[in-house]
Amino acid sequence: MMRFVDEFRDPELGRALAGEILERVDPGRRYKLMEVCGGHTHSIYKYGIDDVLPENVELVHGPGCPVCVIPMGRVDDGIAIARNEEVIFTCFGDMMRVPGSEQSFADAKAEGADIRMVYSPLDALRIATSNPDRTVVFFAIGFETTAPSTALTLQRAKAERVENFLCVCNHVTIVPPLRALLESPDLRLDGFIGPGHVSTVVGARPFEFIPARYGKPLVTCGFEPLDVLQGIRMILAQIEEGRCEVENQYSRVVPYDGNPAALAVMAEVFELRPHFEWRGLGFISQSALKLSDAYADFDAEQRYETPGVRVADPKACQCGEVLKGVIKPWECKVFGTACTPEHAIGTCMVSPEGACAAYYNYGRYRREREVV
Amino acid sequence: MAAPSDAPSSGREQRILEIIETTRAKRPKLKDERVTMAHGAGGKATQTLIEGLFVPAFDPAGAGLAELGDAGVVTVEGSPIAITTDSFVVSPIRFPGGSIGELAVNGTVNDLAVAGARPTAISVALILEEGLQFDVLRREVEAIAEAAAAAGVEIVSGDTKVVERGHADQLYITTTGVGVVDRRASLSPAAIRAGDQVLVSGPIGEHGTAIMLARDEFQLDADIESDTQPLWAAADALLGAAGDDLRCMRDATRGGVATVLNELARASGVAIVAREGDVPVGPAVAGAAELLGIDPMYVANEGRLVAFVAPEAADTALRALRAVPGSEEGALVGEVRSEPQGMVLVETAFGGTRVMDLLAGDPLPRIC
């Protein structure tokens, strides 16, 4: 397996691509490109991709980290459900430390709630079938990437008549937050590295509005370092040549029209929520999914009382502006004082790969490097 | 920085960076109300627990506990004696390549070995869960005896407690070890300086990956065995080859090589640059790590040490290390620089650089 992966990590080819990128950029201007997806942020960080880019090409981390966008109120609701005696509450590992208004799932677990880490919704379903006297609740998160696997799990639960399995659906969709970002008048972005895994499900077509309406190029991209570099080169080429369109770097996996089977499963199991709150971005209409009427029996939100309280992001938090590239992390009023990686307030500080957490941890090093 | 919007605020940026610096340099405050699994994971939360609670309570005068070595050294009638203790709660108790009994011996003798002390004797304390099968207990007792014989230590003392069913998970073991510090050893994080070379004694991440797969939570099968083994022979070889030029050694257990490098970068006030492409990682571990989205640098080892050697002695040390059975795949993986202090950087195989920080969370519970 590694052999096929390694081909997309070849440092020689990487250097060649970095050279081509350098040739394309106009040294007199800055380029701000947003990588929409948290997976890209991870690759960029893991391989040090921003390190091989020209200094005037800046990558801005977008809203596509599914963990970071969960607002505090949803975490509180999850904890309220997890505190019920009969409940085994399950979630992905990276959800454990995301702060609610008072506690994270990890804190609630330490207090006695039965909260378990799973790697897939099917694991949660398996826990349900092997603990028939308990109620297993799966806290589902993620974009269109993970939504189909939640949907398939619920289909199976229904087919097998598993009655002690419930889901808190926090699935979100990628297009509405992008539109919200693009609608803001102070946006300073030159192009988008489009999500790869999401696009394997929804295709590249839903992003056509970005060049058409907002005049920004978008290239859907794979996750290996060469994919990301090639995607960046494609965006810069569009800018240089005065083109503005949706291109697909990740054509080995992303069909233009998406994956009809996955979309059909999602359409059966989910329906759009009228609105949903995003940490750092506020309420965005039709941006999230809930269980459809046919699956209402599996909806933990219908079975359990939850506080359902909207816990406002602190007023001073400026994650929205950081995401739009309007301000730098250190320009936020609470950065480094009230908002730190240990006690994160906003989405950009929650995940270690968020823009603010990265700057908090590595800002000094990055700066020294720029000076040298 | 060319963008006009950056210019007027650069003074503010500098101030913010300074605030962050000051906060980080302070002894961390323990703010949590309860113990979470993260406090046992070896990352930031563990560090906060040790530095925020244990060190101020046990060593208020700053006698040296804060150095946080794998073993402490006391002088008894003129001889430096190293003492260490370790508890083992691994689940499952048997896993490919070893079991909790073997681990309990190797873990403790290795803490002595990397302190430059030849392990002499250990004590063994057992906490048993009511209902534990004697077959299981007997097997672990035999494993302890065999591992002690292999490591050349005597078991000189012990203790047994039984707790009600459900109050422990089968059995827990605590071992305490003593050893005499070798005359050739002058090991300390303070000895590390710019230019020193970093060695690891073999492929990393095998123990943690073996445990993870043995839990069977991933439905993933791979041929990976724990690397658990005693390390005195490797430490002895390095001391013999490098003597004074061997600056410091650490046992890369919980939190893996990344955590050891971070602790030492902080303790020594240096920067450490690891070359990702030179770090030995077996193909099965690399594949599993890829699938599970984890970095082998953070995965636990139970038979791998990290050594810092003066540049002129690095090649000799590596040759000597590779001649030791079990450390044949040792490698030079990085070097020490003076700046940026306290940080660990990784030169990625792809050609970029990134910071490799302590883990904040809890990647894997109960690996040792």
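Reader: What makes strand E5 (residues 135-142) of chain A and E6(A) count as a pair?

Author: In this predicted model, E5(A) and E6(A) are joined over seven bridges in the parallel sense. Two strands pair if DSSP finds at least two bridges between them, so E5(A) and E6(A) qualify as a pair. One example of such a bridge links A:Phe138 to its partner A:Cys167 in E6(A).

Reader: In what order do the strands of this sheet of chain A stand, and what is the sense of their pairing?

Author: The four strands follow the order E4-E3-E5-E6 in chain A. They form an open sheet, and the pairing is parallel.

Reader: Why are strand E4 (115-117) and strand E6 (165-171) of chain A said to stand at the edges?

Author: Each of these two strands has a single partner strand, so one side of E4 and one side of E6 are left without a neighbour in the sheet. Between neighbouring strands of this sheet, the average turn is 25 degrees, direction ignored.

Reader: Which helices of chain A lie on these strands?

Author: Helix H4 (residues 72-82) of chain A lies across strand E3 (87-91), E4, E5 and E6, and it runs at about 145 degrees to E3(A). Helix H6 (residues 121-130) of chain A also packs on the sheet, where it touches E3, E4, E5 and E6. The direction of H6(A) makes about 175 degrees with that of E5(A).

Reader: Why are H2(A) and H11(A) called roughly parallel to each other?

Author: Helix H2 (residues 11-24) and helix H11 (residues 225-241) of chain A pack at an angle of about 15 degrees, with their axes 10 Å apart. Angles under 35 degrees count as roughly parallel, and H2(A) and H11(A) are therefore described in that way. H2(A) passes H11(A) in a left-handed crossing.

Reader: Which residues make this contact, and of what classes are they?

Author: On the side of H2(A), the contact includes A:Leu13, A:Leu17, A:Ile21 and A:Arg24. On the side of H11(A), it includes A:Leu229, A:Ile232, A:Arg233 and A:Leu236. By class, the contact has 10 nonpolar, two polar and four charged residues.

Reader: Into which domains is chain A divided, and how do you know that domain 1 of chain A touches domain 2 of chain A?

Author: Chain A is divided into domain 1 (2-67 + 181-248), domain 2 (72-174 + 260-303) and domain 3 (319-371). The centres of domain 1 and domain 2 of chain A are separated by 31 Å, taken over C-alpha atoms. Contact requires C-beta atoms within 7 Å, and 10 residues of domain 1 of chain A are in contact with 14 residues of domain 2 of chain A. H9(A) gives the most to the domain 1 side, with four residues. That side divides into eight nonpolar, two polar and no charged residues.

Reader: How is chain B divided, and what makes up the contact between its domains?

Author: Chain B has domain 1 (70-181) and domain 2 (189-355), whose centres are separated by 23 Å, taken over C-alpha atoms. In this chain, 21 residues of domain 1 are in contact with 21 residues of domain 2. On the domain 1 side, helix H3 (100-113), strand E5 (117-129) and helix H4 (134-151) of chain B each give two or more residues. H3(B) gives the most to that side, with eight residues. The residues of that side divide into 11 nonpolar, six polar and four charged.

Terms used:
Residues numbered from 1 in each chain as written. Chains lettered and ligands numbered in written order. Predicted model: local features only at pLDDT ≥ 70, side-chain atom pairs only at ≥ 80, totals over all residues. Axes fitted to C-alpha atoms, helices over the stretch in contact; angles between N-to-C directions. Parallel < 35°, antiparallel > 145°, perpendicular 65-115°, else oblique. Left-handed = near helix turned anticlockwise from the far one by under 90°. Contact = placed C-beta atoms within 7 Å. Nonpolar A, V, L, I, M, F, W, Y, C, P; charged D, E, K, R; others polar. Domains from an automatic or database assignment.
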